[in-house]
Amino acid sequence: MTGTLEEQPVGEAMSTDVLAVTETESALLTWELMRQGGYHHVPVLSDEGGFVGVLDAETLAAAWDSGGPDRMRKPVGALLGHRSPTHVRPQDSVATAARAMLAAETDVVPVLDDDGRLSGLFTARDLIALAAGARRPARAGHVTTPALYRIEPVLPGRHPEGSTIPPS
């Protein structure tokens, strides 16, 4: 750990255990991944892997459609808005990241490398942990996406093609 908060690089303090989704992923699946993994923020990437924005649990909850879960299959990219996301670089100071959060009126700022790829997230929780002298342990240590296979929740009344469910 380096010097004061004014000097410490955000790359040393950011959360690196980050689960990201693509902008075409459904809001329903994104909510389920966040809930199951205990994530409050989920970065959204383009299909090519470029950073698009960050969704939080409050935004997803506010977008929940009372028409039922089947209507929440809309892509998460539609929930981001058109504002260019504020970001910092790993070598920027923690203080710079904190000022970026204040300016954007948010509790998270994405950390992008020099090529614009997501390195991690710096959250208000990370800042509090630093101020308290406690570093939160990373669970995975890198940005992951559920890309090896597509998980799709099975909703009541909808069954995958060809499956049969015995009567109760």
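How are helix 3 and helix 4 oriented to each other?

1. Basis. The model is a predicted one, in which local features need pLDDT of at least 70 and side-chain atom pairs count only at pLDDT 80 or more, whereas totals for chains, interfaces and linings use all residues. Residues are numbered from 1 along each chain as its sequence is written, and side-chain values use heavy atoms, with hydrogens and water left out.

2. Orientation of helices 3 and 4. Helix 3 (residues 94-104) packs with helix 4 (residues 124-131) at an angle of about 140°, and their axes lie 11 Å apart. Axes are lines fitted to C-alpha atoms, for helices over the stretch in contact, and angles run from 0 to 180 degrees between N-to-C directions. Helix 3 and helix 4 are therefore oblique to each other. Angles under 35 degrees count as roughly parallel, over 145 as roughly antiparallel, 65 to 115 as roughly perpendicular and the rest as oblique.

3. The contact of helices 3 and 4. Helix 3 contributes Val94, Ala98 and Met101, and helix 4 contributes Ala124, Leu127 and Leu130; contact means heavy atoms within 4.5 Å. Six residues of this contact are nonpolar, with no polar and no charged ones. Here Ala, Val, Leu, Ile, Met, Phe, Trp, Tyr, Cys and Pro count as nonpolar, Asp, Glu, Lys and Arg as charged, and the others, Gly among them, as polar.

4. Overall layout. The chain holds four helices and seven strands, arranged along the sequence as β-β-α-β-β-α-α-β-β-α-β. Helices (H or I, at least four residues) and strands (E, at least two) are DSSP runs, numbered from the N terminus. Of the contacts between residues at least 6 apart in sequence, 59% join residues at least 24 apart.

5. Burial. Of the 168 residues in the chain, 38% are buried. Buried means under 20% relative accessible area, exposed over 50%, and partly exposed in between (1.4 Å probe, protein chains only).

6. Helix 1. In helix 1 (residues 27-37), the buried residues are Ala27, Leu28, Leu29, Thr30, Leu33 and Met34. They pack against strand 1 (18-19), strand 2 (21-22), strand 3 (41-45), strand 4 and helix 2 (57-63). Gly38 follows helix 1 and has a positive phi, near 75°.

7. Asp56. Strand 4 (residues 51-56) includes Asp56, which is buried, with a relative accessible area of 17%. Leaving aside residues up to four places away in sequence, Asp56 touches Met34, His40 and His41.
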